[in-house]
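Please look over the sequence and the structure shown here before turning to the points below.

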Amino acid sequence: MPSDQRNAASGPPAVVYVGTAATGAGEGGTGDRLVAEAHRRALDLGLSPLKRVARTASEADALLAAHPDAVIVAHPGDEPLSARPEAGGALWNFLHIGAVLRPCTPGGEDGSEPAASPPVRGREAFLVVELTGQVGPGSDRLRVREAECRAFAEALGLRVMDVLMGDRVARAGGRAAVVGLYREQLTVIVHPDVTVPRSDAPDALLMRWLRQGRVIHSGRWVNGFSRGQADAVVHHLRAVRRHQDTVGAAAPASDGPHIDFTVREEMALGLGDLYAADSGWAGVVSGVVQAGSHNSVTWGGGRANPPRPPRDTSRPLPHDGLYIRRNNAFGTRSALGAKDLIEQGVIIGQDQIRFDDFVAARTDQVPGPRPGEAVGVSHGLAAVHSEFKANEATTHFVEITLKAGETAPEDAPVAEPLPVNFVFVVDTSYSMRGQKLDTVKSALQTLYDTLRPADCLGIITFDHSVRTVLPAAAKKDLSADRFAEVVSGLTADGGTDINLGVQYGIDEIGRHAQSGRTLNCLYVFSDGDPTSGERDWIRIRANIAAKLRGDLTLSCFGFGSDARMPELAALAGLAGGHSTFVTRPEQVGTDLLGDLARRDHLAAIDIQLKLDIDPEVEIRHLYGHDLVTDLRARAAVLREAEQAGVRARTDYGTEALPDIITEEKGIRIFAPDLAFGETYWVVLEVRVPPGRDPEGLGTATVQYVDTVARASRRHEIDLSKAPTLAEEIVTVHAIGLWTSEVTFYALDDLYDRDREAAKNRLTQHIEILKAAHSRLPADEFRDDQVTLQKLITLAGTLGTMVSFSDASHGPHFATTVRAMNDFGRVRSGFWQQY
């Protein structure tokens with residue numbers, strides 16, 4: 001063993017580095033204090049710091065050569081966190097807030113084994129794929145680097161917060177600080193092929209060590225925050241993440257954007273001392289927030305930056321990819337729209353906001369189908385004026401709309417719907433007691449009453465064990481009394497083994513499943529995380545995916561504000577189902593009946609679209625649709641399209657056209673079946689290069705099986721020629737879709753208890769609508785202003801007392817506090833928080 005004696009810690013050895021190039025501290029008092037702090041930090045991380053300290057890069061290299069298994073603990077010094085660090089100092093900025101730097105490749109550049117490292121702390125990670133702007137954001141090299149770093153993060157069990165490159169690396173320090181102070185540790189995964197701005201830059205030293213496979217920990221002791229206090233801080237700083245993709249502007253340039261946000265009265269925690277240990281935060285939040293006070297805090301000073309969606313809008317969407325409409329809470333229009341609920345004085349939840357809520361009533365502006373057809377296809381193009389757009393780079397709106405007839409023609413041939421084969425997997429754990437389980441019971445009974453004699457249903461229950469309480473049977477073989485007895489006997493107790501329950505359900509549905517002759521649907525009702533059996537969601541999904549049948553749809557209903565909807569949505573996505581966040585007892589029955597009724601009222605199935613946009617035209621926004629990147633999700637979509645082709649043949653005697661969503665070029669969209677009375681909207685925001693005419697913008701192919709014509713239909717559209725929708729109509733639709741998204745984000749603010757942010761967001765959009773109405777006097781722009789203003793009024797009543805009687809006494813007197821319904825919080829893909 002080398003002569004250097006290690007401390008008592010039993011973890012991997014650590015070289016402590018307090019080099020002057022990074023810290024500005026040499027030998028003496030300040031340097032000794034930094035050494036002591038770095039040693040303390042190393043011990044806290046479970047490392048064994050060497051007693052000999054490196055104050056120069058050459059000393060550090062000598063110690064690393066003597067200890068090939070050592071990691072590095074580098075102290076970044078006492079300088080405040082910089083929002084705009086000098087060129088080549090971005091990685092040191094991450095060390096300043098206590099992050100750990102890890103190379104994304106397992107070994108060093110010489111093929112050596114990676115240095116030893118303690119277990120990963122925390123859950124979040126940033127990926128750094130380039131330090132300079134020398135490689136364009138859309139280059140193949142960056143795509144490869146990102147894929148490699150994502151795989152490495154996944155192997156470590158980390159959730160990727162963001163992918164950083166160029167100037168965005170430097171400006172990410174502030175957001176990293178939020179995460180770093182909130183969690184035990186933030187991991188920054190750095191690709192070894194990144195380009196350092198210059199050879200003598202501070203980051204060049206760190207990159208040399210990272211390319212050797214070294215893990216670099218921060219030697220800075222970041223303290224002053226308890227977990228509860230950090231929770232409160234992050235709770236209110238989340239608004240900043242939504243306002244601007246990169247929130248690291250603790251001291252932005254004078255000509256840059258500034259961000260205002262409000263520290264709410266809930267932060268009555270005495271925060272005055274919390275920032276003493278980190279002068280970089282002293283300018284962000286200062287003073288003690290007294291209980292009941294409203295202190296406006298400015299990040300960097302200046303005026304507020306207009307709220308923006310949390311998605312990184314600095315880069316355009318890809319021209320090639322498979323997209324699907326969101327099939328969870330932001331997917332399709334509900335029976336009762338947002339505007340209706342607001343007019344009735346209801347604080348709406350995000351489950352009631354759909355991407356088309358503010359245009360769904362405007363179908364009279366869209367041409368309907370021709371006689372003998374079930375669906376009409378329209379398109380339009382409109383130049384964007386002023387600020388009336390969701391993305392600031394947008395120059396044009398592009399719209400393609402499919403509108404079904406109001407009802408099926410009386411003389412249209414009718415096919416007998418396929419019998420349904422439903423199996424319900426019901427969580428009967430202790431937490432489902434009371435209204436949750438009663439809601440499921442009521443929905444099951446309502447559905448039973450609607451089924452046809454040949455339809456089948458069965459019930460599986462699970463808590464810490466699993467039971468088949470009703471083997472699947474045809475309704476004609478199952479008396480109403482027997483079914484009612486089984487349903488009423490459901491009770492809740494024990495833990496939650498969702499893995500076993502769902503697999504049992506898949507087994508049970510095979511009792512009556514007949515390929516191509518039954519409609520097989522599995523429904524899962526649950527309220528939270530698995531607590532028994534297999535508890536890892538990744539393994540749960542893998543287990544269930546291995547058992548899934550190609551003709552089975554799996555859908556999930558989540559109960560309770562703690563329901564893991566992203567996990568349930570991912571589970572449903574394995575088999576092309578939908579996930580629903582239950583906010584009202586009647587919602588479950590309504591959704592189940594809706595699934596059942598759609599089989600009788602379909603206007604078009606196997607709907608596929610392909611948009612080939614000129615490569616020089618940027619695609620800046622696509623409302624209400626998500627890019628499918630997961631291979632299993634892609635396979636599920638293609639499997640669903642294959643099933644739609646089978647249904648076209650068996651139900652309507654029609655051969656479906658060859659799939660176009662399987663191609664590799666163009667924006668491909670697989671749309672849900674379209675029922676009579678429904679409209680399907682595809683609206684894009686694009687950027688046409690300056691000085692270029694939109695002529696030659698691109699083409700679109702729309703194909704589907706028309707249930708009235710009993711034939712496949714294909715429409716080839718030149719997007720820049722012969723529009724069937726006027727420019728004004730396209731603009732109205734696009735801004736209406738934007739209004740829906742703004743309303744969604746405002747609700748997100750309200751669930752963060754930030755009424756000020758919600759008010760500002762809605763007020764700013766009202767001003768947009770006013771300006772739009774001045775330029776284009778559409779009634780919709782006027783009416784939506786009133787709707788949003790009423791939402792602001794409703795939001796202002798949150799926290800006030802509501803009485804169920806105007807008397808101050810008596811047996812019927814009751815009060816409550818007006819609050820947002822916790823069940824309504826569903827992010828639906830707009831912000832990947834989980």
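Among contacts (heavy atoms within 4.5 Å) in the protein between residues at least 6 apart in sequence, 78% join residues at least 24 apart. This is a predicted model, in which local features need pLDDT of at least 70 and side-chain atom pairs count only at pLDDT 80 or more, while totals for chains, interfaces and linings use all residues. Residues are numbered from 1 along each chain as its sequence is written, and side-chain values use heavy atoms, with hydrogens and water left out.

**Overall composition**

- The secondary structure comes to 21 helices and 29 strands; helices (H or I, at least four residues) and strands (E, at least two) are DSSP runs, numbered from the N terminus.
- The protein has 834 residues, of which 55% count as buried; buried means under 20% relative accessible area, exposed over 50%, and partly exposed in between (1.4 Å probe, protein chains only).

- An α-helix has 3.6 residues a turn, so residues three or four places apart point the same way.

**Aromatic rings**

- A pair of aromatic rings is described by the distance of the centres and the angle of the planes.
- The whole structure holds 11 aromatic pairs; rings of Phe, Tyr and Trp (its six-membered ring) pair if their centres lie within 6.5 Å, and planes under 30 degrees apart count as stacked, over 60 as edge-to-face and the rest as tilted.
- The ring centres of F94 and F126 are 6.2 Å apart and the planes stand at 85°, so this pair is edge-to-face.
- Because F94 lies in helix α4 (residues 90–96) and F126 in strand β5 (residues 124–130), the pair ties together parts that are 32 residues apart in sequence.
- F94 and F126 are both buried.
- F422 and F424 also form an edge-to-face pair, with 6.1 Å from centre to centre and 85° between the planes.
- The charged end of K475 sits over the ring of Y448, 5.0 Å from its centre; a charge sits over a ring if NZ of Lys or CZ of Arg is within 6 Å of the ring centre and within 35 degrees of the ring normal.

**Residues with positive phi**

- Most residues other than glycine have a negative phi, and most peptide bonds are trans.
- D606 is not a glycine, yet its phi is positive, at about 50°.
- D606 is placed in strand β20 (residues 602–613), and its relative accessibility of 2% means that D606 counts as buried.
- R710, also not a glycine, has a positive phi of about 55°.
- R710 is found in the loop between β26 (698–706) and β27 (711–718), and at 23% relative accessibility R710 counts as partly exposed.

**Selected buried positions**

- L50 lies in the loop between β2 (48–49) and α3 and is buried, with a relative accessible area of 0%.
- R220 lies in the loop between β8 (216–218) and α9 (227–243), and at 5% relative accessibility R220 counts as buried.
- T731 belongs to helix α19 (residues 727–751) and counts as buried at 14% relative accessibility.
- Leaving aside neighbours within four places in sequence, T731 is in contact with A382, F397, L776 and F781.
- M820 lies in the segment after β29 (815–817) and counts as buried at 11% relative accessibility.
- Not counting residues up to four places away in sequence, M820 touches I347, I348, L747, L750, Y751 and L798.
- M820 and R753 are 67 residues apart in sequence, and their C-alpha atoms are 9.2 Å apart in space.
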